[in-house]
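Here are some notes to read alongside the model. Have it open and follow the points in order.

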Amino acid sequence: MAKKLPKRSVVIVGGGLCAGLVARQLTAKGIEVLVLERGGDHALGPEATLPNQRDELRWDRRQGLMQDWGRETYALRHSRANESLPIRWMEAFLPGIGVGGAASHWNGAAWRWSEYDPVLRSRYESRYGKAAIPTDMLLQDWGTTYGELEPYHDLFEQLFGLAGKAGNIKGTIQPGGNPYEAPRRGEYPQKPLEMSEADIIFQQAGEGLGFRPFPRPAANSPQSYVNPDGQRLGQCQYCGHCERFVCEAHAKATPDTLLYPMLRKRSGFEIRTHAHVLKVGYDRRAKRATGVCYLDLNSGVEYEQPADIVVMAAFTMSNTRLLLLGGIGEPYDPATRRGSVGKNFCYQTTSGVSVFFKNRWINPFLAAGASGTVIDEFNNDNFDHSALPFLGGASISVGVTNGRPIRTRSTPPGTPRWGTAWKKATADWYAHSFSVDAQGSCYPHRENFLDLDPDYADAYGLPLLRMTFDFRENEVRMSDWVTRKAGEICKAMSPDSMGPVAGRAGPFDTRQYQTTHVTGGTVMGAEPTSSVVSPHLQHWDAENLFVVGASVYTHNSGYNPSGPLAALALRLGDDLVRYVERPRML
Amino acid sequence: MLAMAIIGGAIIAVASSVAQNAPAASAAFSQCAVCHSIDGSNGTGPTLLRLIGRKSGAVPGFRYSRAMKSAEIIWDEATLDRYLTNPQELVPGNIMPFSGVAQAQERADIIAYLRTLR
């Protein structure tokens with residue numbers, strides 16, 4: 001029997017980036033916020049202090065900062081015809097635990113998406129005709145626009161001290177920046193990070209082919225920085241322990257450095273750590289969320305926490321799972337196409353081509369998380385698809401990062417996979433190789449979705465979330481095409497040797513890391529029949545329930561998802577202030 | 001001896017200019033402030049309150065590296081200038097994640113600011 005606690009005004013599930021940003025807006029207006037986080041606090045722990053911070057085995061290989069797969073995992077099947085199996089050890093994507101969430105161990109790539117991303121379906125229909133979108137590709141507009149989010153993008157970039165070069169200021173294209181960038185009001189708060197040797201090689205080759213390379217927008221601080229809240233970042237030391245690690249120099253902009261220490265000093269803010277939310281309470285008749293049930297992992301006591309407003313700001317997968325477990329909204333059924341919870345589950349379509357240079361020193365150990373050089377000519381709908389058998393595209397980039405000794409073992413084709421020859425090749429090529437990567441979009445497919453697994457449960461006896469997912473024809477064709485483009489850039493660099501030029505193909509393999517960018521499941525939209533939450537992220541079937549995170553995206557773009565997610569969270573914070581003043585459908 | 005004289009000279013020259021330029025001093029210090037408090041509390045780094053004249057590795061409650069614990073340095077203008085120039089050269093193996101301050105003026109500004117923390 002759960003112990004019932006006194007009612008709170010706003011309860012947020014998950015203590016990551018979105019929760020921190022929502023809480024910043026609310027507590028600034030004197031509205032009380034309680035955040036429930038399943039993990040602990042990283043501050044001053046071994047993960048955040050030297051020398052243990054540099055333990056690649058502990059934090060990277062053994063996933064010391066990630067969801068404990070022995071406690072809660074996901075099930076997978078590649079199609080409805082298959083049986084699902086639980087994933088015993090996940091490499092493909094890495095949900096974080098602890099204050100800061102996955103944004104604590106991120107690399108710091110912080111994009112604004114294309115101006116047309118929120119209206120992607122309309123864009124494709126108007127450019128190529130309605131028939132261009134296959135019937136099983138469930139693209140839909142977000143119900144909001146880039147213009148509405150731009151002020152919040154700007155605020156997020158100031159708060160996180162992003163380093164980059166503007167490509168489009170109020171419609172005027174800027175030399176050195178991304179010419180395909182959505183229009184922004186001004187420059188980035190900080191200048192770009194230092195370029196590596198690989199950046200220089202890629203830039204020269206890209207420019208030689210007529211492309212316009214630019215520095216990747218990064219949340220790794222090139223200088224010490226003070227944000228508008230008076231919160232500080234240290235200077236990046238290019239140590240190469242970024243993604244999968246907590247930054248001990250406080251040079252990576254994260255919620256645990258910039259938001260939570262400040263929030264903890266605000267009256268009306270509380271965060272409970274080791275509070276694992278099991279269920280969101282739902283009153284079906286009143287169509288309202290009643291609060292949440294959570295387990296205190298330190299004491300084993302289960303609590304019921306009633307709330308006026310519940311905000312779901314957990315990882316993509318947890319947002320979807322908690323709605324399914326709570327019976328809130330109609331689960332998506334691919335056979336009938338009815339229902340919306342679990343729909344539009346997308347991932348990312350990545351590929352890469354390795355290049356080897358005998359006489360160039362790449363030094364992959366020396367890197368910031370998100371430093372890199374990118375071309376955007378072949379991303380999303382930045383190029384003409386009318387004669388192509390697919391939609392979408394990829395950003396093509398170099399980013400020599402995280403070149404740690406266990407992880408980074410790039411050897412030329414033909415090298416044996418073990419033994420003396422492999423050891424020698426590893427030593428010979430470690431400092432002389434890098435890869436050109438394509439980070440591709442992933443569009444929603446009718447048969448890619450999330451639901452509750454009928455057989456397998458987690459450590460608390462609750463059904464696992466089941467992924468039915470594979471790379472479908474559109475993504476495989478897109479990846480093949482953009483990877484060839486990446487291969488052409490590689491050839492233009494005149495390397496001594498090159499790895500194979502092969503796009504991403506199925507079956508989806510959870511043993512291979514790609515990105516942590518899983519999206520969808522609780523999508524936003526203007527139509528209650530095809531979306532879970534409104535354009536203001538308010539649940540259609542529970543006025544006082546809000547969902548924020550990449551779970552509200554209707555598709556995944558050829559960029560990292562954190563930028564729009566942060567903008568949506570800041571805007572939600574402002575919307576909730578209005579909602580608290582006068583509760584209603586916004 | 002020559003190096004010492006130059007360092008000493010720089011400090012004297014700067015100490016007088018810093019008296020009129022407190023904002024520069026605190027601006028230069030901002031790169032330290034993310035880890036080091038000036039109120040006596042320890043964070044990622046030990047507090048820098050009353051640092052000048054203190055022995056290295058001596059703030060109670062802070063967990064220092066072995067290198068810093070055994071460094072036996074008294075923090076004054078000269079040792080701080082050397083340390084800030086290249087922390088790994090003066091105290092090899094220390095675990096401060098910071099590569100140093102290249103500009104002599106900026107180091108002098110930081111040291112001038114530290115002198116005010118009494």
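1. In the hairpin of β13(A) and β14(A), 5 residues sit between the strands, and A:Gly300 among them takes a positive phi near 80 degrees. The two strands run antiparallel, with 5 bridges joining β13(A) to β14 (residues 302-312) of chain A. Strands here are DSSP runs of E, at least two residues long, and helices are runs of H or I, at least four, numbered from the N terminus; two strands pair if DSSP finds at least two bridges between them.

2. A word on the source: this is a predicted model, where local features need pLDDT of at least 70 and side-chain atom pairs count only at pLDDT 80 or more, while totals for chains, interfaces and linings use all residues. Residues are numbered from 1 along each chain as its sequence is written, and chains are lettered from A and ligands numbered from 1 in the order in which they are written.

3. Step back to β12 (residues 275-283) of chain A, which pairs with β13 (residues 288-296) of chain A in the antiparallel sense over 8 bridges. A:His276 stands opposite A:Leu295 in β13(A). This hairpin has 4 residues between its strands, and A:Lys287 takes a positive phi near 55 degrees.

4. Now for a sheet in chain A: 4 strands form an open one with mixed pairing, in the order β5-β4-β20-β19. Its edge strands, each pairing on one side only, are β5 (85-86) and β19 (449-457). β19(A) runs antiparallel to β20 (residues 463-468) of chain A, joined by 5 bridges, and A:Ala457 has A:Pro463 in β20(A) as its bridge partner.

5. Is A:Arg184 buried or exposed? A:Arg184 is buried, because 21 other C-beta atoms lie within 10 Å (20 or more within 10 Å counts as buried, 12 or fewer as exposed, in between as partly exposed, with C-beta atoms placed from the backbone). You'll find A:Arg184 in the loop between β7 (172-173) and α5 (197-208) of chain A. Leaving aside neighbours within four places in sequence, A:Arg184 is in contact (C-beta atoms, placed from the backbone, within 7 Å) with A:Arg112, A:Ala166, A:Asn168 and A:Ile169.

Definitions and conventions: Contact = placed C-beta atoms within 7 Å.
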